[in-house]
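Please keep the sequence and the 3D view open while you read.

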Amino acid sequence: MYVVVCRGPNCRARGAIRLRKRLVTLLKEDPAVRLIGYSCFGQCDLGPNVAFYPEGVWYGQLGRPEDADRVVRHATAGEPLADTPLTLPEDERAQHLCNIAELGRTLERDRARPRRWWWPF
């Protein structure tokens, strides 16, 4: 499961950085849930926005301190966030899901690769 947090300027202004920092703390011990930052979902007036992948659902207006706990409960136990769902236009939704899938594949590939030291000189 991926929890995808929007990093766009409007979401950041509405508390996405604070949300992401709290999610990092709450999810660091759960290897089944990965946290990813995403450039922008285009739902700026409803931020901070979070998507769950592969579930393919979006939620907005998650700027309150307790929202991070709710996001974690949804990711780990499936508890719904019924009061804040977002409905994206189908073409945008499909493109975002494709982008998130590619981002997830890239992250997993990078994690699987052995770490090599690189010295620039």
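## Surface and overall shape

How much accessible surface does the chain have, and what share of it belongs to carbon and sulfur atoms? The accessible surface comes to about 7500 Å², and carbon and sulfur atoms account for 55% of it. Do bear in mind that this is a predicted model.

The chain's secondary structure consists of 4 helices and 5 strands. The radius of gyration is 15 Å, close to the 14 Å that the globule rule gives for 121 residues, so the chain is as compact as a globular protein of that length. Along the principal axes, the C-alpha atoms fill a box of roughly 50 × 30 × 25 Å. Of the 121 residues, 38% count as buried.

## Order of elements and the sheet

Reading from the N terminus, the elements run β-α-α-β-β-β-α-β-α. Contacts also reach along the sequence: among those between residues at least 6 apart, 67% join residues at least 24 apart.

In what order do the 5 strands sit in the sheet? The order is E2-E1-E3-E4-E5, in an open sheet with mixed pairing. E2 and strand E5 (85-86) are the edge strands, each pairing on one side only. Further in, E1 and E3 pair in the antiparallel sense over 4 bridges.

Helix H4 spans residues 90-112, which makes 23 residues. From its first C-alpha to its last it reaches 33 Å, close to the 33 Å expected at 1.5 Å a residue.

Which residues of H4 are buried? They are His 96, Leu 97, Ile 100, Ala 101 and Gly 104. An α-helix has 3.6 residues a turn, so residues three or four places apart point the same way. The buried residues of H4 pack against strands E1 (2-6), E2 (34-38), E3 (50-53) and E4 (57-59).

## A closer look at Asp 67

Asp 67 belongs to helix H3, which covers residues 67-77. Is Asp 67 buried or exposed? Its relative accessible area is 0%, so Asp 67 is buried.

What lies around this side chain? A polar atom of the Asp 67 side chain lies 2.9 Å from the backbone nitrogen of Arg 64. Leaving aside residues up to four places away in sequence, Asp 67 touches Leu 19, Gln 61 and Leu 62.

Technical notes. Residues numbered from 1 in each chain as written. Predicted model: local features only at pLDDT ≥ 70, side-chain atom pairs only at ≥ 80, totals over all residues. Heavy atoms only, no water. Helix = DSSP H or I, 4+ residues; strand = E, 2+ residues; numbered from the N terminus. Buried < 20%, exposed > 50% of the residue type's maximum accessible area, 1.4 Å probe, protein only. Polar contact = N/O pair within 3.5 Å; in protein donor to acceptor, adjacent residues only side chain to side chain. Contact = heavy atoms within 4.5 Å. Expected span 1.5 Å × (residues − 1). Rg over C-alpha atoms; globule rule 2.2 N^0.38 Å. Areas by Shrake-Rupley, 256 points an atom, 1.4 Å probe, with all protein chains shown as cover. Pairing = 2+ DSSP bridges.
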